[in-house]
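Subject: Structure handover

Hello,

Here is the structure I promised to pass on. Please open it alongside this note.

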Amino acid sequence: MCGRFDQSQTARHYANLIGWTDAVFDSASKPTPNAAPGSYRPVMHVQDGEHRVDDVFWSYRARWAEGKVPIVINARLEKLANRYWSRLVKNGRGIVPAEGWYEWTGEKGHKQPWHIHRKDHRPLFMLAVANFGPFQENRAEAGFVIVTDDASGGMLDIHDRRPVVLDAEDARLWLDPDLSPQQAIELARHAAVPADAFEWYKVSTAVNRAGAEGPGITTPLND
């Protein structure tokens, strides 16, 4: 899964890295090494032919599903074709850029956080689906979730799920409105950055508190 991520560069920085020098910004959120669910984070998407970077609420539940399903922060790749997610895969594909994400190991009350990132330290372009429209009753109606897949290939000692991450070129393709939902799902399955491209280290438990900031959040702990 992905329950916290490191988005410590500006939205404009990430847009430039993906080649979106013409992007339209509706993003006032500040960089943070500790982005948490329930906050507004910049999400890259294409709307009416425009490259856009908009602040979107991290959590989602369809309006019609209130009382039927819980609010969630992730969507499983293997379920994207089902009724609940298919509309968002068609009209709400997004990219959440980041430097890394966090997972926890250990027993309850003694959880150890880990910072997971690319070995080459390139940014992550994490797949997302979102409702980019306004909400009427609850912020989660117009939220986003991060797409996750099985964490096969060596990451199981950290967690059994991980965000689906693409390189910049494939991230642009994921956002292409001409790509059909089925093609987008196949892209996510076959073009994801492999598990052996990532590494991880222990960080301070300060990251456990949503809203905690400062450069020490991402500093490796000495064993």
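The model is predicted: local features need pLDDT of at least 70, side-chain atom pairs count only at pLDDT 80 or more, and totals for chains, interfaces and linings use all residues. Residues are numbered from 1 along each chain as its sequence is written, and side-chain values use heavy atoms, with hydrogens and water left out.

Start with strand β8, residues 100-105. Strands are DSSP runs of E, at least two residues, numbered from the N terminus. Five of the six residues in β8 are buried, meaning under 20% relative accessible area with a 1.4 Å probe, protein chains only.

β8 has these partners. Pairing needs at least two DSSP bridges between two strands.
- β1 (residues 5-7) pairs with β8 in the antiparallel sense, over two bridges. Phe5 has Trp101 as its bridge partner in β8.
- β9 pairs with β8, also antiparallel, over five bridges. Tyr102 has His115 as its bridge partner in β9.

The β8-β9 hairpin has six residues between the strands. Gly106 takes a positive phi near 105° there.

Gln112 sits in β9, residues 112-118. Gln112 is buried, at 19% relative accessible area.

Last, what lines the largest cavity? The residues are Arg61, Ala62, Arg63, Glu66, Asn138, Ala140 and Glu141.

Best wishes

Conventions
Helix = DSSP H or I, 4+ residues; strand = E, 2+ residues; numbered from the N terminus. Buried < 20%, exposed > 50% of the residue type's maximum accessible area, 1.4 Å probe, protein only. 1 Å grid on protein atoms, 1.4 Å probe; cavity = no way out; pocket = protein on both sides within 12 Å on 5 of 7 lines; lining within 4 Å.
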